[in-house]
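Take a look at the structure below. The report that follows starts with one residue and then widens to the chain.

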Amino acid sequence: MDKEEFVRYTRKTGTSLGISIPLEVIKILSLKENEIVRITIERAKRSGKD
């Protein structure tokens with residue numbers, strides 16, 4: 001299974017938090033709309049913002 005790692009800020013989307021997958025990662029993994037992907041969440045740094 002192919003795997004890529006990247007760091008992104010979370011953003012508010014409705015009542016949830018979201019991230020964007022970088023275009024480079026989409027191309028490397030040949031991702032298409034409606035595919036199922038495995039996401040692992042790990043805090044990289046505490047920002048101090050709430």
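In which segment is N34 found? N34 is found in the segment after α1. This is a predicted model, in which local features need pLDDT of at least 70, side-chain atom pairs count only at pLDDT 80 or more, and totals for chains, interfaces and linings use all residues. Residues are numbered from 1 along each chain as its sequence is written, and side-chain values use heavy atoms, with hydrogens and water left out.

**The elements**

The protein chain has 1 helix and 2 strands. Their order from the N terminus is β-β-α. Helices (H or I, at least four residues) and strands (E, at least two) are DSSP runs, numbered from the N terminus.

Most residues other than glycine have a negative phi. N34 is not a glycine, yet its phi is positive, at about 70°. S30 is another residue other than glycine with a positive phi, near 50°. S30 is also found in the segment after α1.

**A residue in the helix**

V25 lies in helix α1, which covers residues 23-29. Leaving aside neighbours within four places in sequence, V25 is in contact (heavy atoms within 4.5 Å) with E4 and F6. V25 and A44 are 19 residues apart along the chain, and their C-alpha atoms are separated by 19 Å.

**Buried or exposed?**

Buried means under 20% relative accessible area, exposed means over 50%, and partly exposed is in between (1.4 Å probe, protein chains only).

| Residue | Relative accessible area | Class |
|---|---|---|
| V25 | 8% | buried |
| S30 | 46% | partly exposed |
| N34 | 74% | exposed |

Why is V25 buried? V25 counts as buried because its relative accessible area is 8%. Of the 50 residues of the protein chain, 8% count as buried.

**The whole chain**

The C-alpha atoms fill a box of roughly 35 × 25 × 15 Å along the principal axes. The radius of gyration of the protein chain is 13 Å, whereas a compact globule of 50 residues would have one near 10 Å. This radius is taken over C-alpha atoms, and the globule rule is 2.2 Å times the number of residues to the power 0.38.

What about charge? The protein chain carries 11 positive and 8 negative side chains, and the centres of the two sets lie 7 Å apart. Lys and Arg count as positive and Asp and Glu as negative, while His and the chain ends are not counted. Each charge is placed at NZ of Lys, CZ of Arg, CG of Asp or CD of Glu.
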